[in-house]
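Visitor: I am new to this one. Could you show it to me and take some questions?

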Amino acid sequence: MALSFFRAGALALSLLPLAALVPRTPSHPTSTAAAPLQGAKPDPQVIAQFGLFENPKLQQYIATQGKKMTAISDRPGDYGFTIVDSPVINAFATPDGHVYFTRGIMAYFNNEAQFTGVLGHELGHITARHGQKQQTRSTISSILLAGASMVSKSIASIAQPLSSVVGIGLLKYGRDAENEADQLGVKYSTKVGYDAAQMADFFLTLERTEKASGAGSVPGFLSTHPNSADRYQRVKGLAAQAKQSVGGRALTVNRDAYLRSIDGLPYGEDPRQGFVEGGTFYLPEQKLRLPVPSGWKTQNTPEQFQMAEPNGKAIVALIAAGSGTLDAAAQSLAKQLGLTSPSAQQTTINSFPAMVVEGDQAASSQQSTPAHVRAYLIQDSKSIYALIGLAPTASFGTYAPQMASVAEGFQRLTDASKLNRQPERIRIKTATGTTTLASALAASGVASSRYEELAILNGMKTTDRLSKGMLYKVVGK
Ligand SMILES: [Zn+2]
């Protein structure tokens, strides 16, 4: 797969995170199944895909709790623990010894014991070496690369990797591995002093979010796991046994402390990282906007914004392409994309200096379709952006006008309502008297259409009673 569009070399060289625009160099080579444990640091591929959640306090919290649990686990080692900046509800472990939680799942826990149970489950996948036993899906980075290389191998299948990469549920373990991880989750969280029965309750929350979201933002965590009703019963039973095994020792839940620690956490998509609305992609931090061709699918990650024709027959990707000259960026891009006899032409796009780079990408294997690339390099002060249009050579002309209109619509964003768009955030409130959750939500100004959503977020029913002084979550700007 030498000529894949998003190959590792290209990622390392030029796909800077749009949100950060800081040059990045790989901190270690792509890991492989045979590599020794190196999980102390997060995998750059995972961070490139989802982004690091910029919240030192919570990062410190997960690292501290993770290390504490590692020490009492069956196979202590130099593991790492990281929260990624994704609204999806998920947690996963890579076989190199790293555990990832999304900020989305952090928002849905309702106490420290729930968090600790899931931490134990993920650590269990590592200590029981589930990843190593599963050679075909050895690391998350290799899965991401495989998914991405499918894009160029068969342009017709672009739509598929686009939709499957959106969730993080990429590592699928078998039923036995999941059951073992649940068992280890109960064992480890009890050992560090938490009530493992809370972990079972969190499965109910996961099940409710999955039912509520329908085909939308499906949490991958649950879908990759065994039947949730069975699992709930099983974990409840294991937790009760574990409780007995520690005698009369009180096990911690820590509801209030946990809720206060997530006060202010972004909830849902963060528009500051770019958002699509009304057929336009807005990048508030870069003060830029561009049109999305009608009906095309989009995917926004820290490293690129990708638009795909509905049947996957053409794509346009926006990436950051360095901070040097347009000439240098053009040469570098042509090389990364493996363009044969590329041409380059200077132009101007909405008063931005620009250059059009064009060439063919040869077919790399039997499954490959030869592709044609037309990339627009656009300079905005010190930053250069590349809008890369790609389609099979034979049908490139069909999509060239749409690619051109995207480039022509690349312009300065000045609309304050888009520039200042803020994410919703978790806000922790205190019940002022005995009341139902629904009444408390109403008193906090929550629209009734969102009661059910917030009941799930609180791990309660709308009719559940709150006593005076009890904390609960709402969301707001
Ligand atoms: Zn699992």
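Visitor: How many bridges join strand β13 and β14?

Guide: This is a predicted model. Strand β13 covers residues 371-380, and β14 covers residues 383-392. The two pair in the antiparallel sense. The number of bridges between β13 and β14 is 10.

Visitor: Which residue in the turn between β13 and β14 has a positive phi?

Guide: β13 and β14 form a hairpin, with 2 residues between them.

Visitor: Which residue of β14 is the bridge partner of isoleucine 378?

Guide: Strand β14 pairs with β13, and also with β10 (residues 315-320), over 6 bridges. For isoleucine 378, the partner in β14 is tyrosine 385.

Visitor: Is strand β14 largely enclosed or exposed?

Guide: Burial counts neighbours: a residue is buried if 20 or more other C-beta atoms lie within 10 Å of its own. In β14, 9 of the 10 residues are buried, so the rest of the structure leaves this strand largely enclosed.

Visitor: Which strands are at the edges of the open sheet?

Guide: The sheet has 7 strands, with antiparallel pairing. Their order is β8-β9-β10-β14-β13-β12-β11. From one strand to the next, the twist averages 15°. Two strands pair on one side only, and these edge strands are β8 (297-300) and β11 (339-349).

Visitor: What stands opposite phenylalanine 305 in β10?

Guide: Strand β9 (residues 305-308) pairs with β10 in the antiparallel sense. There are 4 bridges between β9 and β10. Opposite phenylalanine 305 stands leucine 318.

Visitor: At what angle does helix α14 run to β14?

Guide: Two helices lie across strands of this sheet. Helix α13 (residues 326-336) lies across β11, β12, β13 and β14, at about 20° to β12. Helix α14 (residues 396-408) lies across β10, β11, β13 and β14. Its angle to β14 is about 160°.

Visitor: Is helix α3 parallel, perpendicular or oblique to α5?

Guide: Helix α3 (residues 56-72) and helix α5 (residues 112-127) pack with their axes 11 Å apart, at an angle of about 55°. That angle makes α3, relative to α5, oblique.

Visitor: How many residues of the contact of α3 with α5 are charged?

Guide: From α3 come Gln65, Gly66, Met69 and Thr70. From α5 come Thr116, Leu119, Gly120 and Leu123. They divide into 3 nonpolar and 5 polar. The charged count is none.

Conventions: Residues are numbered from 1 along each chain as its sequence is written. This is a predicted model: local features need pLDDT of at least 70, side-chain atom pairs count only at pLDDT 80 or more; totals for chains, interfaces and linings use all residues. Axes are lines fitted to C-alpha atoms, for helices over the stretch in contact, and angles run from 0 to 180 degrees between N-to-C directions. Angles under 35 degrees count as roughly parallel, over 145 as roughly antiparallel, 65 to 115 as roughly perpendicular and the rest as oblique. Two residues are in contact if their C-beta atoms, placed from the backbone, lie within 7 Å. Ala, Val, Leu, Ile, Met, Phe, Trp, Tyr, Cys and Pro count as nonpolar, Asp, Glu, Lys and Arg as charged, and the others, Gly among them, as polar. A residue is buried if 20 or more other C-beta atoms lie within 10 Å of its own, exposed if 12 or fewer, and partly exposed in between; C-beta atoms are placed from the backbone. Two strands pair if DSSP finds at least two bridges between them.
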